[in-house]
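Trainee: I would like a close look at one part of this model: the charged side chains that pair up. Please walk me through them.

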Amino acid sequence: MDKSSNKIFVGRSLTAKIPIKTEFKIELSSITRKDIEIKNNVLTFKEPLLVKVDSQQTGDIKIDQSTNGLVDKVVDGWTSGKEAQKFLSEKSTEAVYATSDYVLNNENRKEKVAKYASQDLEDLLNLNSDKHLKVNISKNDLKFVNIDKK
């Protein structure tokens, strides 16, 4: 799981901070014996595994204001209205999608997901086994897909 926040610029003096959490879900339900290969106690996958990248807003939108006085009162009044809340909700949805897209294109994160997936699957497979299997997954063995709605 990856935690971050995304900023959107609503105006010259108004920034909304949106706390966002990203999860990586590896689809294993359709994997069968023919999809894997075990050689010298090392398990590899013949086809890339599907990784669903899913981000969610985890808290309230925080409005940062870099102005003062009358402008603050106008901004406060604007952000409390129904249309403003709808606008902020739309921007939040866009920020969630953009965060997943950003993570999808970040090579370091892909490598970390592959490393953790290898270790977690290895631990799971060896939980009740006398034979120790090593799981070998690289970022090239994973196909990342953004499942968030635009």
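Mentor: Start with Glu-23 and Lys-25. Their side chains form a salt bridge, with 3.7 Å from N to O. A salt bridge here is a side-chain nitrogen of Lys or Arg within 4 Å of a carboxyl oxygen of Asp or Glu. Why can such pairs form? Side chains of opposite charge can pair when their charged atoms come close.

Before going on, know what you are looking at. This is a predicted model, where local features need pLDDT of at least 70 and side-chain atom pairs count only at pLDDT 80 or more, while totals for chains, interfaces and linings use all residues. Residues are numbered from 1 along each chain as its sequence is written, and side-chain values use heavy atoms, leaving out hydrogens and water.

Now, how open is the pair? Glu-23 is partly exposed, at 21% relative accessibility. Lys-25 is partly exposed too, at 36%. The cut-offs are these: buried is under 20% relative accessible area, exposed is over 50%, and partly exposed lies in between (1.4 Å probe, protein chains only). The pair also belongs to a network of salt bridges that links Lys-21, Glu-23, Lys-25 and Asp-54.

Next, go to helix 3, residues 107-125. Helices (H or I, at least four residues) and strands (E, at least two) are DSSP runs, numbered from the N terminus. Lys-110 and Glu-107 form a salt bridge at 3.7 Å, N to O. They sit three residues apart in the helix, so about one helical turn separates them. Lys-110 is buried, at 17%. Glu-107 is partly exposed, at 37%.

Helix 3 also holds Glu-111, which is paired with a residue in a distant part of the chain. The partner is Lys-139, and the salt bridge spans 3.6 Å, N to O. Lys-139 lies in the loop between strand 7 (134-135) and strand 8 (142-146), 28 residues from Glu-111. Both ends are partly exposed: Lys-139 has 24% relative accessibility, and Glu-111 has 42%.

Step back to the whole. The search of the structure finds eight salt bridges. The chain has three helices and eight strands. From the N terminus, the order is β-β-β-β-β-β-α-α-α-β-β. Of the 150 residues, 31% are buried. Among contacts between residues at least 6 apart in sequence, 69% join residues at least 24 apart.

Notes:
Contact means heavy atoms within 4.5 Å.
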